Amino acid sequence: MKLYALSGDPAKPCYVVSFKDLLIMLDCGLSVNSVLNFLPLPLVQSARFHSLPNWNCRDPDIQLDDGEIKECCGCAFINSAPEFVPPLDKIINFSEIDVILISNYTNMMALPFITEGTGFSGTVYATEPTLQIGRFFLEELVEYIEASPKENTARMWKDIQHLLPQPLNDVFKPKNWRHLFSLDAVNKSLARVQMTGYDQKLDIFGALQVTPEKISYISGSSTLTTHPRPINQAALKYSDVIIMAGLTQAPHVNPDGMLGELCMNVVMTLRNGGSVLIPCYPSGVVYDLFECLSSSLDNQGFSQIPMFFISPVADSSLAYSNILAEWLSTSKQNKVYIPDEPFPHANLVKNAKLKHFKHIYSEGFSTEFRQPCVVFCGHPSLRFGDAVHFVELWGSNPQHTIIFTEPDFPYLQALAPYQPLAIKTVYCPIETSLNFQQANKLIKELKPGVLVIPENYTQPPPIAPHKLDLVIDQLPDKMIIKFKRGEVIKLPLKRKRSRIYLDPQMARSLVPHEIQPGVTISTLTGVLHVKDNIHDLHPLEPTPEELAEEQQKLSKKPHLQPPVQNRLRNIKYEWGTLDVNLFLKKLAQDGITDIKVEQTGGGADELTLHLASEDTVIKVSEKATSIVCGGKQSLRLKLRDLLLQCVQNF
């Protein structure tokens with residue numbers, strides 16, 4: 001079993017597990033931090049951003065396109081449509097992935113990059129809330145980017161990255177960054193998703209239901225008592241392997257304390273006659289903010305202050321949150337079935353305390369908008385969306401406040417292209433994912449055989465380098481394997497046994513022999529069919545040509561054995577290791593000479609043979625040999641026959 005780490009951000013994981021000839025992708029998170037290196041995309045042309053000075057290279061031989069790099073307060077920004085960091089596509093072929101398992105809606109943002117235009121033909125599994133809320137996130141992101149198209153695309157800066165000023169000279173492998181997919185790609189990608197229920201058992205080609213091995217994946221989970229349903233810990237206990245990612249990005253703060261600080265800062269700003277901007281995503285923690293902030297405003301005598309929720313998917317998000325009961329805690333589920341709204345924002349909308357609009361230019365917004373107010377809108381990066389407008393509108397006024405609650409982005413970097421700013425800024429990261437103390441407690445309770453974690457979790461976070469308790473504990477009785485982006489890790493999980501389905505005709509023909517008390521065996525000869533990890537053993541039937549030939553012989557010489565028995569008498573059983581040199585010689589004799597041999601793995605007996613002209617790979621190891629040739633059945637059978645000539649037989 002192997003783990004391929006396709007993501008370098010533990011909060012946006014994307015891993016592939018190879019298990020029993022299957023490739024299973026665990027999440028497909030999209031790293032969005034790269035957008036902080038780009039200028040914001042205002043809804044209307046901004047004189048402020050347009051007038052920023054161009055950066056010009058001192059080397060006269062290097063000429064960038066006019067305005068490709070802009071400078072603001074000592075920082076350089078790319079003047080182009082933002083680009084994102086998709087999962088690595090160099091160490092694994094997305095077309096070979098059999099299954100994608102999505103753990104939560106924040107970890108499916110790269111799905112179109114993986115399923116569209118790559119030859120992917122597998123199955124994607126997600127719960128209905130994950131699918132629907134993930135759709136909101138994807139649709140909102142695409143609409144934000146397409147609402148403010150850039151005329152030109154910056155390209156040349158990546159070739160002279162080492163000459164650029166901060167922070168562009170330090171960004172990691174920008175040539176792997178990509179522009180966002182289209183809404184059509186989003187729809188095609190989500191159409192592949194097969195919905196599953198909470199706690200539903202999936203049969204993934206027979207691989208994960210019929211074996212005693214137990215592999216668990218924990219990502220973006222929480223043990224806090226908030227609106228989502230709690231973890232089913234019983235299902236995770238005593239796993240052979242636990243892969244853990246998606247821990248809190250703000251381990252140094254308490255979410256309850258941050259919520260109280262947010263409410264206090266909102267009230268102080270409103271008392272001074274200012275308004276508050278809270279950049280947010282269209283679902284998730286924002287529901288808790290509506291609930292807590294509305295109560296706080298009522299208690300402080302600000303019940304008439306309006307709250308605005310602005311997002312292209314605002315109305316859908318608010319509606320779905322009240323009917324998707326499966327993901328909610330028991331108390332909120334009960335309200336759905338009464339029926340009653342599980343979230344207070346339904347009443348807030350009815351009483352006009354919470355007003356929602358698709359955009360600031362939507363019909364009715366200018367009529368309803370009044371200050372002071374609290375505005376929830378995206379995007380938290382402040383690089384696109386309606387939040388760009390409010391930062392420009394309120395940025396020069398110290399009465400107003402912008403409160404950052406999402407930990408995905410360093411707030412000072414988010415504000416950098418808008419400087420100098422007079423608006424008050426407050427950082428209140430509200431992160432409900434497992435912190436390190438909770439994660440360590442959970443690990444002790446689950447008692448896994450092996451724990452697999454990102455390397456980041458073994459060192460204190462950069463934001464609190466002296467807090468040595470903000471790591472996963474190194475337990476003496478527990479094997480911990482760490483990994484980082486681009487690594488392929490061998491996991492100590494061996495296949496113990498598999499189930500084979502025996503044809504009834506073969507079962508009836510078995511003649512068991514007792515070789516010692518209580519131990520009975522029988523020989524078997526048949527044809528093993530393996531497809532989608534399902535093993536079927538069928539009788540060894542002669543071909544129509546063989547059957548006709550044998551029948552003809554029988555008619556002339558009745559004393560001969562029946563055709564099947566005759567065939568069994570002449571069958572050979574192959575065993576032992578492959579003679580690679582003899583195999584290469586046989587291939588050459590058959591006209592296949594364009595072969596590249598590579599040693600893979602730790603042992604000298606693990607080889608990979610690339611047949612470039614045939615687009616075929618043959619992997620040879622001590623225990624198995626596999627031929628991958630993309631559906632060319634005739635070639636596969638030819639290679640099989642040649643290979644069988646290069647092993648011992650009896």
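1. Helices and strands here are DSSP runs, numbered from the N terminus: helices are H or I of at least four residues, strands are E of at least two. On that basis, E431 sits in the loop between β18 (424-427) and α13 (436-446). The model is predicted: local features need pLDDT of at least 70, side-chain atom pairs count only at pLDDT 80 or more, and totals for chains, interfaces and linings use all residues. Residues are numbered from 1 along each chain as its sequence is written, and side-chain values use heavy atoms, with hydrogens and water left out.

2. What surrounds E431? Leaving aside neighbours within four places in sequence, E431 is in contact with T248, Q249, A250, P255 and P407; contact means heavy atoms within 4.5 Å. E431 is buried, where buried means under 20% relative accessible area, exposed over 50%, and partly exposed in between (1.4 Å probe, protein chains only). E431 has no salt bridge, a salt bridge being a side-chain nitrogen of Lys or Arg within 4 Å of a carboxyl oxygen of Asp or Glu. The nearest side chain of opposite charge is K12, 7.1 Å away; for charge, Lys and Arg count as positive and Asp and Glu as negative, while His and the chain ends are not counted.

3. Polar atoms do approach the E431 side chain. The backbone nitrogen of Q249 is 3.2 Å from one of its polar atoms. The side chains of E431 and S433 are joined by a polar contact of 3.2 Å. A polar contact is a pair of N or O atoms within 3.5 Å; within protein, one must be able to donate a hydrogen and the other to accept it, and residues adjacent in sequence count only if both atoms are side-chain atoms.

4. For the chain overall, there are 18 helices and 32 strands. Of the 650 residues, 47% are buried. Among contacts with a separation of 6 or more, 71% are between residues 24 or more positions apart. The chain exposes about 32400 Å², and carbon and sulfur atoms supply 50% of it; accessible areas come from the Shrake-Rupley method with a 1.4 Å probe, and for residues only the protein chains shown count as cover.

5. Helix α3 (residues 128-147) has 20 residues, which at 1.5 Å a residue should span 28 Å; its end C-alpha atoms are 28 Å apart, in agreement. The expected span is 1.5 Å times one less than the number of residues. Because 14 of the 20 residues of α3 are buried, the helix is largely enclosed by the rest of the structure.

6. P165 and A76 are 89 residues apart in sequence but 6.2 Å apart in space, C-alpha to C-alpha. Not counting residues up to four places away in sequence, P165 touches W55, E71 and A76. P167 is in the loop between α3 and β9 as well, and the peptide bond from Q166 to P167 is cis, with omega near -5°.

7. The salt bridge count comes to 13. One of them joins the side chains of D298 and K353 (3.3 Å, N to O). D298 lies in helix α6 (residues 285-299) and K353 in the loop between α9 (345-350) and β15 (354-357), so the pair ties together parts that are 55 residues apart in sequence. D298 is partly exposed at 38% relative accessible area, and K353 is partly exposed at 24%.

8. Another salt bridge is between E116 and R192, with the closest N and O atoms 2.9 Å apart. This pair links distant parts of the chain, 76 residues apart: E116 is in the loop between α2 (111-115) and β8 (123-127), and R192 in the loop between α4 (183-190) and β10 (193-196). A further salt bridge joins the side chains of K90 and D89 (3.9 Å, N to O). K90 is exposed at 66% relative accessible area, whereas D89 is partly exposed at 41%.

9. Which backbone angles should be checked? Most residues other than glycine have a negative phi, and most peptide bonds are trans. Y238, in the loop between β11 (215-219) and β12 (241-245), has a positive phi, near 55°. K447 also has a phi near 55° and lies in the loop between α13 and β19 (450-454). A cis peptide bond joins G378 and H379, with omega about 10°.
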